[in-house]
Amino acid sequence: MSLTWHIVKKDLRALKWPLGFWVLVIVAKLGIGAMLLNADGTEGVNWFLKMDILARMLAGFEFVSFLLTAALIHGDPLVGTTAFWMTRPISGARLLRAKLCWLGLVFGLLPVLVTLPWWLGCGYGPHEIAWAAAETAAIHAAVVLLGLMWSPVVQGYGRFLMWTIVTLFAVPTLVGSIIQGLNHLLQSQGPSDPVMAARMTLGGGIAVAAILGAMIHQYLTLRTRRSITLLAGSAGLIVLVGVAWPWALNIDARVKTWLRQRAAGEWPAAAAPADLKFSSFRYAEVSGPGGRNGTAGKLRLDWDVEGLDIRRPVSGGTWAQLLQSYDGECSLRWPDGNVEPVQARARSGTGSRMDFIGPLPANLEQAQDLAAGHFTTQVDLMPAVAERFANEVPACTLTAHLRLMQFESVTPVSPTSGAYHATGSTSERIAHAEKTGEELEIVFIRRAASLGVDYLGGGVLAPPGPIIRYHLANKERRLVGMYQQIDHRETRIGTVGISWQTLAYRASNRPRAARPTLEAINALNDAELVAVTYREVARFSQEIRSDALQVRRVDPIPDHRP
Amino acid sequence: MNAIELTSITHRYWRTEALHDLTLAVPEGSVFALLGANGAGKTTAIKVMMNLLRPSAGVARVLGTDSSRLGESDFARIGYVSENQQLPLWMTVRQLLDYCRPFYPTWDPALEGKLLAQFDLPSDRKLKHLSRGMLMKAALLSSLAYRPQLLVLDEPFSGLDPLARDDFVRGVLEASELGQWTVLVSSHDVEEVERLADHVALLEGGRLKFSETTESLLGRFRRMEVDLNSTAAPAGDLPKSWLDWQASAGRVAFVESAYATERTEQACRERFPDATVRAHPMSLREIFISLARAGREVVRSSAA
């Protein structure tokens, strides 16, 4: 092992300058994150945007690891007969161990160690650090794998780059072209999403196995032609799988199930609170195919909940209890007995409405469809399914994954720069507050863990922590006026999500463009900023069935794009 | 006992045959020169020995091990210096030695220091800033400091100026006095090799022409000069061992490749009864050139 470590140290010395640059890039990116978090709010949202772009560019530079990987391998070439190590007491197996150690240290451990202070500073707990570290290492591992694809079997950077680019371009293009051609020839709609997911997963698995296999083979045997044959054969197999693999492995469903279990976390498999009653759908609206969302149709499902506490704990505010749907599964059972899973986007509809807890603008205050307990779930339909609705009516089962939020407090907040609230990795800071006429403009800078694993299923399944909203209240603790979002930007640095939001508060419901009045200015001076907090009290899944949907067809939203 | 044994080695690069049925033995303790013109197959033969190339046929044994199975423990006993070797140029001489040292259990720091001083190498200078001669000496140093049983030098003089060559050869000679090792040196630079080698083999077109001790080789080659007293042509056929035949008015010169004083004189008297015959010893370089010319003549005549 000492000799292996000796080679690792040699390679660290050989690449110390590029490595130093690489670490600097990571540190600079995290430095930008720290600057954003500590901004005083006067810089303006454009500054935030520029910093965001700079951070993204630096994050792009991190992928220099692709070239560093090739440099590492080419430092002790495996092709040709002139390499220094080949006539020294260094076996291929030892060299392979050394290179793998180096890669693990530099692209696995080093970025984690460099980023660790950032995570700790952002309030990450051990669990979040573990996930963030795994994500950081996984991203670099993917880049390193790309670097390992051709570097062990070709000489020089030129060939390495050329063959990598050719492979990355050729394989997907070939698969796509063949699938298109077959679809055209057979007049078919092509493979379903689950089958495509299975093909991509299998293809990815084959690629990883082939890259590692060819690398190990090359190190142990130095038989370049056979290693290249292994890579080329695997590329052919990937094309074959991409074109012809017929079975869905339910990978997407498995991932979702796992994510739900993860999201359930500290609220495992709870039943719905006894005082809540769920009723089946009232009706469904089907749109499409065609329109703005392409060929996919939309199914809108409406359902009701009784028993939710709809008292308003704060005058002018929303209900004592909020029900937030963070995910949903939907399946259609057709008259012929065929059961078809469809994608339910539960966060739109219920999620956005439930989030609305500010004082209602006048026109919405009268809108009765916001009454507690009425929910909408939107379901994406494949074109063939949408067309089938024209002739048949399926039964529908919706499993909604919900969390129940309970009003906790309303507390005054000093509308001054620096007011800060933090729970674990989530924090919220008033970076800047300024009164102008009848308006109080506040810049909020927020921070939250933004782990990639939460995005695997297409979005954060259940944002952690309480819901806190800031409002203006008068002396009677009645929420007054309205707020308007002036700007909002988000970025993600080192798995930490950072957002900049400017809200303009007014103590009256007058439009922004109107000239300030003395009355409005006085109302603002009399009002105070309060934080309304809801905490999570339950997380559960609820199945809602409808044996016969009342389907109404609506026109899809027209697509005016060229 | 032989340090290296090649048995019926054939190596092809696609359709080109670089080595043909090569059988060769390098005796232990010898300084063995593998000679040949460019493209003769010297480097290919050495690469087969060092397991850098797999032979298409035949077996190579190095220090008793099949060359295709040479492992870490075998390479710890072998030193290899080649003009084509890619040294880690980003290292300083000191770093190169520091890097190599732990791989060799027999590394001798005292010898390293001695050679470093002897070769006059700047230890803190990066290899990429060294001259070609210095670079070869650095490679030689890193291959000598562990007292290898076998030192293989592949075209070590190539690209070196005369002074650097002299330094290098002196380095090898001085180093060889420090230990009992076998040296295999391939080169087309015969003059330098003559100072080093006690065994010589000649490769031509991938085939072995001969392999013998330098003493025997120098002993059996003579440049013969015959002053003719008449213009008569030589009587009878010329022996096959007479090479590089040159005739001018009243004088004939040729190279006898199987010189034995009495036998050669008798053969000359039979063919040139009235002539005066003189035999001159030849250098390795002259022998090499004569053989190369003779080879070309054979090719020409067979082509004709």
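In chain A, helix α5 passes helix α6 in a right-handed crossing (right-handed if the near helix is turned clockwise from the far one by less than a right angle, left-handed if anticlockwise). The model is predicted: local features need pLDDT of at least 70, side-chain atom pairs count only at pLDDT 80 or more, and totals for chains, interfaces and linings use all residues. Residues are numbered from 1 along each chain as its sequence is written, and chains are lettered from A and ligands numbered from 1 in the order in which they are written. Helices (H or I, at least four residues) and strands (E, at least two) are DSSP runs, numbered from the N terminus.

**Helix packing in chain A**
- The axes of α5(A), residues 92–121, and α6(A), residues 126–150, come within 9 Å and cross at roughly 145°; axes are lines fitted to C-alpha atoms, for helices over the stretch in contact, with angles from 0 to 180 degrees between N-to-C directions.
- Residues of α5(A) in the contact include A:Leu103, A:Phe107, A:Pro111 and A:Trp119, and those of α6(A) include A:Ile129, A:His140 and A:Val144 (contact: C-beta atoms, placed from the backbone, within 7 Å).
- By class, this contact has 11 nonpolar, four polar and no charged residues; Ala, Val, Leu, Ile, Met, Phe, Trp, Tyr, Cys and Pro count as nonpolar, Asp, Glu, Lys and Arg as charged, and the others, Gly among them, as polar.

**Enclosed elements**
- Helix α1(B), residues 42–49, is largely enclosed by the rest of the structure, because eight of its eight residues are buried.

- Most residues other than glycine have a negative phi.
- A:Leu222, in the loop between α8 and α9 of chain A, has a positive phi near 60° and is buried, with 20 other C-beta atoms within 10 Å.
- B:Asp120, in the loop between α4 and α5 of chain B, has a positive phi of about 55° and is exposed, with 10 other C-beta atoms within 10 Å.
- B:Asn51, which follows α1(B), has a positive phi near 65°.

Key. A residue is buried if 20 or more other C-beta atoms lie within 10 Å of its own, exposed if 12 or fewer, and partly exposed in between; C-beta atoms are placed from the backbone. Two residues are in contact if their C-beta atoms, placed from the backbone, lie within 7 Å.
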